[in-house]
Structure formats: structure tokens, C-alpha cells
Amino acid sequence: MEVTVIFGKKEENRVIPEETTIKEVLDAMDISSETVVVKRNNEIVIEEEFLVDGDVIEVIRVIYGG
């Protein structure tokens with residue numbers, strides 16, 4: 001199945017196996033799930049959720065500091 005991943009200004013289509021979680025996609029992209037928020041089809045989701053064909057994932061980097 002195929003999903004679209006948006007990270008910053010970069011957008012790419014990725015072919016992934018069935019029952020792939022958001023965390024597995026982040027791991028494959030070397031992105032720590034502790035430093036980002038993920039939206040699937042414009043709704044914030046947790047990293048343990050499974051993806052389905054055609055999902056659009058937006059990865060938003062969280063900036064810490066004061």
C-alpha cells in the first residue's frame with residue numbers, strides 16, 4: 001500500500017506493508033517520535049496507529065525552549 005508523508009517542505013510517497021504503524025514509518029525515516037507530532041488526514045494521532053492505503057501523514061517537528 002502507499003501513503004504520502006509530509007515532513008517540513010519535503011513530501012514523498014512511500015510504499016509500505018499492510019499493518020504498518022506510524023512509529024515504524026518514523027523509524028524508517030530516522031525521525032524520533034519524541035520530537036514530533038503526527039497528523040493523519042489532518043487529525044493528530046498517536047504513533048501506535050496503523051496506516052491504511054492512501055493516508056496522508058504530516059510530521060511536525062516540536063521545538064522546545066524558553
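Predicted model: local features only at pLDDT ≥ 70, side-chain atom pairs only at ≥ 80, totals over all residues.

Analyst: Residues are numbered from 1 along each chain as its sequence is written, and side-chain values use heavy atoms, with hydrogens and water left out.

User: In what order do the elements of the chain run from the N terminus on?
Analyst: Helices (H or I, at least four residues) and strands (E, at least two) are taken as DSSP runs and numbered from the N terminus. On that basis the chain has one helix and five strands. Read from the N terminus, the order of the elements is β-β-α-β-β-β.

User: What is the radius of gyration of the chain, and why does it count as being as compact as a globular protein of that length?
Analyst: The radius is taken over C-alpha atoms, and the globule rule is 2.2 Å times the number of residues to the power 0.38. The C-alpha trace spans about 40 × 25 × 20 Å along its principal axes. For 66 residues the rule gives 11 Å, and the chain is as compact as a globular protein of that length because its own radius of gyration is close to this, at 11 Å.

User: What share of the contacts in the chain with a separation of 6 or more comes from residues 24 or more positions apart?
Analyst: A contact here means heavy atoms within 4.5 Å. Among contacts with a separation of 6 or more, the share that belongs to residues 24 or more positions apart is 49%.

User: In which sense does strand β1 pair with strand β2, and in which sense with strand β5?
Analyst: Two strands pair if DSSP finds at least two bridges between them. Strand β1 (residues 2-7) and strand β2 (residues 10-15) are joined by six bridges in the antiparallel sense.

User: Which residues stand opposite Phe7 in β2 and in β5?
Analyst: The hairpin of β1 and β2 has two residues between the strands, and Gly8 takes a positive phi near 65 degrees there. On the β2 side, the bridge partner of Phe7 is Lys10. On the β5 side, the residue opposite Phe7 is Val59.

User: How many bridges join β3 to β5?
Analyst: These two strands run antiparallel, and Arg40 stands opposite Ile57 in β5. The number of bridges that join β3 to β5 is five.

User: Is Thr4 buried or exposed?
Analyst: Thr4 lies in strand β1. Leaving aside its neighbours within four places in sequence, Thr4 is in contact with residues including Glu11, Asn13, Val56 and Ile57. Buried means under 20% relative accessible area, exposed over 50% and partly exposed in between, with a 1.4 Å probe and protein chains only. Because its relative accessibility is 15%, Thr4 counts as buried.

User: What is the relative accessibility of Glu19, and what is that of Asp30?
Analyst: Most residues other than glycine have a negative phi. Glu19, in the loop between β2 and α1, has a positive phi near 60 degrees, and Asp30, in the loop between α1 and β3, has a positive phi near 55 degrees. Glu19 counts as exposed, since its relative accessibility is 63%. Asp30 is exposed with a relative accessible area of 73%.

User: Which residues are in contact with Met29 when its neighbours within four places in sequence are left aside?
Analyst: Met29 is placed in the loop between α1 (22-28) and β3 (36-40). Its C-alpha atom is separated by 13 Å from that of Glu11, which is 18 residues away along the chain. Apart from those sequence neighbours, the contacts of Met29 are Val5, Glu12 and Arg14.
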